[in-house]
Amino acid sequence: MFNYELIKTVYNSLPGRVEKARQLLGRPLTLAEKILYSHLFDETSVAYQRGKDYVNFAPDRVAMQDATAQMALLQFMMSGKSRTAVPASVHADHLIEAKSGDIEDMNNALIVNKEVYDFLSTISNKYGIDFWKPGAGIIHQVILENYAFPGGMMLGTDSHTPNAGGLGMAAIGVGGADAVDVMSGMAWELKFPKFIGVKLTGKLGGWTAPKDVILKLAGMLTVKGGTGCIIEYFGQGAKSISCTGKATICNMGAELGATCSVFGYDEPMERYLRATGRNEIADMANEIKNELTADTEIYSDAGKYFDQLIEINLSELEPYINGPFTPDRATPVSKMKEEAKKNNWPVRVEAGLIGSCTNSSYEDITRSASVVKQAIEKNLAAKGEFMINPGSRQIRHLMENEGYTEIFSKIGSKIFANACGPCIGQWVREGAEKNLINTVVHSFNRNFSKRVDGNPNTHAFVTSAEMATVLTIAGDLTFNPVTDYLVNKNGEKVMLEPPKGFELPVKPFDKIELGCQAPVSDGSKIELNIAPDSERLQLLTPFDEWAGNDLTGLHLLIKVKGKCTTDHISMAGPWLKYRGHLDNISNNLLIGAVNSFSDKTNAVLNQLSGKIDEVPKVARAYKAKK
């Protein structure tokens, strides 16, 4: 599973390729440049221009989650290949609803999604792909624990693939067609990115967590400020952050529009590799560690080498609470009271949720548990519902074995499956259909309208796992644990101490059955069958050959106003079940996008009939008339 031979091949060639790039550019290189130039599809004698040149790359591996994997693998079937050209994995994490709790929700998912799971398991087996079964964990946490390695490059069919940047990897979220190119042995094209340098000084302390670095940065750069760029973090402050903390920061770079984010290889990464049973990879990385971070001159004169330079002092950083309805509306905890009052936000916290691919590490769990433990000892009760999505089977095992699950249970916590759940609209929340105005806090990454529970009036705020925990206990969005006290069941005023957690378990992660189905060595005899009347899966057919004429005089379907994220283009939640059926998922086309001519969603002018109709219906009408 750890693919030592692949990594050995990458590391054997990396120093030589980096030196060639150094000579070509005639200057020192950033870490991002080292990874990019060492992963070119073909050797080059060209110094690529940032933000201008389109370049072909050869990523080391591909990862897909169960919703996006369906269409990607249906496309790959048409390539005529017998196996993927690079190592690949599929992770069954998106289709599991969060409703009653882990066991009941898992059992329900296995029944409801049986057709899709059987297809993904079979097609993975046929084409040499690792299949992570339902309950094994969330794609990005599983990748960090098993596949990511410093200096590598990977593509993932999910926005938050950059999570692996916490282990020094250029991990980029792409569409399924891009992944199919790479799995088929073709080059992957990308406009050569620009580079944003983020220098971290000082050290985190108190209630401040790694999550607050990216929450503050989101407020500075906005949801489009990182577009076309790789964000590279460096400085003594960066070296003081745990590997999983770095991953959290890189994960949410997607919320800035960044291509990906990276940290240079350092001691926390080495510790994480060894704790997760990858001593051999750590040893190999140590042999070329100078090439797994930027050249020394880069960081000592950063303004000269980065297109944009930002400095954040971790010692002065406050906890942040971002939202509602957008992850770049950043409010430090000390300012939340006045912001909430000014904007008339509901301040009663109805629910708090932690976990997801963003904050489900061992460190996150232990820091949150320390807050809960204090609350119990000080006779406090949680005023809001509290829910947890463990990131992987490994993390759940540690939670149960080390007593953290029991601690959480004492405040009535509900443990959901090791899956995305509420983070992607898969929270079957009782009463959400009433569309009541309410507030929830979570340690996820996105908080656009309807994202968490389908209710457009749910004000979702993004924060760290420990802040989500304490705000749920307080039941008050404006509560500041740094300065405020709570009143316990006895009427006593009590204050909570800053959370204390552990970067890693004392002993390496236990060797447990992780839920990965390794493929057979020869899948040529395996057959794939899809029922013709299936609502979930649909075989693809090739496009008609181009007639040689350009398409002209086409009608405009929609001009989108404001934010247009993957959520607006193709909503998640209940629509995920159609991700393997091209015709059915087309009924989801841009229904969340705002029409710039009317400020309405899912209402556009059909220029043939002159009537206003739903976006997919107008698209189908245009197609029918060719």
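Are Arg-50 and Glu-33 buried or exposed? Both are buried (under 20% relative accessible area; exposed is over 50%, partly exposed in between; 1.4 Å probe, protein chains only). The views below come from a predicted model, in which local features need pLDDT of at least 70, side-chain atom pairs count only at pLDDT 80 or more, and totals for chains, interfaces and linings use all residues. Residues are numbered from 1 along each chain as its sequence is written, and side-chain values use heavy atoms, with hydrogens and water left out.

**View 1. A salt bridge between Arg-50 and Glu-33.** The closest N and O atoms are 3.1 Å apart (a salt bridge is a side-chain nitrogen of Lys or Arg within 4 Å of a carboxyl oxygen of Asp or Glu). The pair links distant parts of the chain, 17 residues apart. Glu-33 sits in helix 2 (31-37). Arg-50 sits in the loop between helix 2 and strand 1 (54-57). Helices (H or I, at least four residues) and strands (E, at least two) are DSSP runs, numbered from the N terminus.

View 2. Asp-118 is partly exposed because its relative accessible area is 37%. Lys-114, at 49% relative accessibility, also counts as partly exposed.

**View 3. Glu-350 and Arg-348 joined by their side chains.** This salt bridge has an N to O distance of 3.9 Å. Glu-350 has 27% relative accessibility, so it counts as partly exposed. Arg-348 has a relative accessible area of 54% and is therefore exposed.

**View 4. A network of salt bridges.** Five names belong in this view: Glu-19, Arg-22, Lys-34, Glu-291 and Asp-295. Salt bridges link them in a network. The model's count of salt bridges comes to 27.

**View 5. The surroundings of His-94.** His-94 is found in the loop between strand 3 (88-91) and helix 4 (102-112). Its relative accessibility is 6%, so His-94 counts as buried. Its side chain makes a polar contact with the side chain of Gln-65, at 3.1 Å (a pair of N or O atoms within 3.5 Å; within protein, one must be able to donate a hydrogen and the other to accept it, and residues adjacent in sequence count only if both atoms are side-chain atoms). Leaving aside residues up to four places away in sequence, His-94 touches Gln-65, Asp-66, Ala-67, Asp-158, Cys-420, Ile-424, Gln-426 and Leu-576 (contact means heavy atoms within 4.5 Å).
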